[in-house]
Amino acid sequence: MNALTAAASPDWAIDAEGLRCLLGGRTVVDGLDLRIASGQFVGVFGANGAGKTTLLRALLGLVPVQAQRLRLLGAEGVSRRTQVGYVAQRDPVGADSFLRVRSFVAAAWQGERWGLGWSQAAQRNLAVDRALRALEIGDLAERGMDTLSGGQRQRVRIAQALVNPVRMLLLDEPLSNLDPQAQQRILLTARRLCSEQGITVLMTAHDINPLLPHMDRVLYLAEGRGRLGTVDEVVNGPALSALYGVPMAVARDAGYVFIHPAHGFMAEGAAHCCDPDHAASHREGA
Amino acid sequence: MILGLEYGFMRHAFVAGSAIAVLGAAVGYFITLRRQAFAAHALSHVGFAGAAGAILLGASAYLGLFTFTLASALGLALTAGRLRERDVGIGMVLMFALGLGVLFLNLYTANAQSAMSILFGSIVGVTAAQAGLSLAVCLAGLAALAVMYRPLCFASFNPEGAQARGVNTRRLDLLFLLLVAVTVAIAVPVIGALLIFALLIGPAATAQALSRSVGGGMVLSMALGLIVTWSGLAAAYTIGYPASTWIATLSFAAYALALLWRSRRHAVVAE
């Protein structure tokens, strides 16, 4: 068996070469090679607009994608997207506020099928219980959605994505606006889903540090390109400099990493944040 | 016999009112969930213009109602993806429809009563044919809602998640708006274009204040719709005053009481 046939083996959750994602006619990600093994926890990083969300949505078939080779969960293209759970960055505000948690999670169960689904109520309840247990929120089942904290709400949303049987979970910035403790709970849950249920998790985030102890691989997106590897392979000066096209440096201190441009902050960024005259003229113009 | 059911017009009012109450409450549950109350409001005014136009041409008001509401629902659904500010688009359609309605009424000056009955309804003026049509549309509408129940639930709470699992949310949006259009078309001549929220939004909003589950809330919404309609008709028969006024008042009172109950319950939970 040579390397080529091994590459096509179903052990890869995502096996892609030359991935190209389009958003509104604009190429956001181009020439991306991805090989993510089943059951891995992958952190996806990059600046705003680097294509993190677009990549996740492309894997779900929600935005156009081209590739020389693309296999998702062992099948050609994105046909197995129904085995992928997705938690978007935002959801419609207030639509669910009156519901109890159990009903909110149940609303997604086999939601792609027509009909009332009354005959499968028992199955649905089992699926909801299982999803709530997986997120350790069985005690929240009867609570109202409007009574949850931000961290609890995020866990309920992930439970909804898990209520249908899935082999992969795409979490788009699930840690934003959460306190460190709530972030840890989500990360530990994601880690547990990987190791205990073999679910592949892709999680986008802005701060790499909370994910460092938990993730298997890092995917860094910048300037339409991407680099996948272990933390040591990707999060270092030379690799990030090649990715960003400007010299980048990585400082490590007490287990934390700080990524910054090698020669201080970039001039154009500095003009916006630090030059008081410039900032004042912006305010006057507004 | 109680409530004047020995009279044909009261029996027709009960049949048509009940049919519209049940379908309006069920469809209205998802209208409030999806925050499409304004679209429903606009469709009722489009229906008014359609009915006025049909009367002007000497055709059945229903012909104008169904034509106008279905065409508008189609237009709203097809432009939804492109219109950044959907409310503005709906407002434009609403404004244009009312302008047309005024023109039709202006041209047809023979009978001002017909305009009043479209705007405020004439539940006790329902004919046997109207009652039959309302009942048939109610049953067909409930069947259609049952078919799209699961995707509609999913897409209403989590549109992107639903899309990702293969729900065609744009097609679903179109189907649902067409269902709203049909509901509005049978409701306008009975409860009136201006009072349609009494059966379309009132019971559903009350149910959402009282019930924390979707299935239970929908059943409660339909029950409330029936109670409001039957009580309104009974009050109009025994006490007097228009049935539409009673139904609107009871719908409002139920909603106000539900909000009061919910705020009290929240206060208890917070203690």
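This is a predicted model: local features need pLDDT of at least 70, side-chain atom pairs count only at pLDDT 80 or more; totals for chains, interfaces and linings use all residues.

Reader: Which hand does the crossing of helix 3 and helix 9 of chain B have?
Author: Helix 3 of chain B passes helix 9 of chain B in a right-handed crossing.

Reader: Which residues of helix 3 and helix 9 of chain B meet?
Author: From helix 3 of chain B, the list includes B:L65, B:F66, B:L70 and B:L76. Helix 9 of chain B answers with residues including B:L174, B:L177, B:V184 and B:V188.

Reader: And how do the residues of that contact between helix 3 and helix 9 of chain B divide?
Author: There are 17 nonpolar, two polar and one charged. B:D173 in helix 9 of chain B is part of the contact.

Reader: Switching to chain A. How many helices and strands?
Author: Chain A has 10 helices and 13 strands. It runs to 286 residues, and buried ones make up 39% of them.

Reader: What share of the contacts in chain A with a separation of 6 or more comes from residues 24 or more positions apart?
Author: That share is 63%.

Reader: What's the strand order in the open sheet of chain A?
Author: Six strands, ordered 7-8-9-3-10-11, with mixed pairing. Strand 7 (84-87) and strand 11 (225-229) of chain A are the edges, and each pairs on one side only. On average, neighbouring strands of this sheet are turned by 15° against each other, direction ignored.

Reader: Zoom in on strand 8 and strand 9 of chain A. How many bridges join them?
Author: Four, between residues 168-171 of strand 8 and residues 200-204 of strand 9 in chain A, and the two strands run parallel. Within that pair, A:M168 stands opposite A:T200.

Reader: Which strands of chain A does helix 2 lie across?
Author: Helix 2 (residues 52-59) of chain A lies across strand 3 (41-45), strand 7, strand 8, strand 9 and strand 10 (217-222). Against strand 9 of chain A, helix 2 runs at about 150°.

Reader: And helix 5 of chain A, which strands does that one lie across?
Author: Strand 7 and strand 8 of chain A. Helix 5 (residues 150-162) runs at about 155° to strand 7.

Reader: How do the axes of helix 5 and helix 6 of chain A cross?
Author: They come within 9 Å and cross at roughly 15°, with helix 6 covering residues 180-197. That makes the two helices of chain A roughly parallel. The crossing of helix 5 with helix 6 of chain A is right-handed.

Reader: Who meets whom between helix 5 and helix 6 of chain A?
Author: A:G150, A:G151, A:Q154 and A:R155 of helix 5 meet A:A182, A:R185 and A:I186 of helix 6. By class, that contact has two nonpolar, three polar and two charged residues.

Reader: Last topic, the interface. How many residues of chain B are in contact with chain A?
Author: 26 of chain B, against 29 of chain A. Helix 6 (128-147), helix 7 (149-157), helix 8 (159-164) and helix 11 (202-210) of chain B each give two or more residues to that side.

Reader: Which helix of chain B gives the most?
Author: Helix 7 of chain B, with seven residues. The side of chain B that touches chain A has 15 nonpolar, seven polar and four charged residues.

Note on methods: Residues are numbered from 1 along each chain as its sequence is written. Chains are lettered from A and ligands numbered from 1 in the order in which they are written. Two strands pair if DSSP finds at least two bridges between them. Axes are lines fitted to C-alpha atoms, for helices over the stretch in contact, and angles run from 0 to 180 degrees between N-to-C directions. Two residues are in contact if their C-beta atoms, placed from the backbone, lie within 7 Å. Ala, Val, Leu, Ile, Met, Phe, Trp, Tyr, Cys and Pro count as nonpolar, Asp, Glu, Lys and Arg as charged, and the others, Gly among them, as polar. A crossing is left-handed if the near helix is turned anticlockwise from the far one by less than a right angle, and right-handed if clockwise. A residue is buried if 20 or more other C-beta atoms lie within 10 Å of its own, exposed if 12 or fewer, and partly exposed in between; C-beta atoms are placed from the backbone. Angles under 35 degrees count as roughly parallel, over 145 as roughly antiparallel, 65 to 115 as roughly perpendicular and the rest as oblique.
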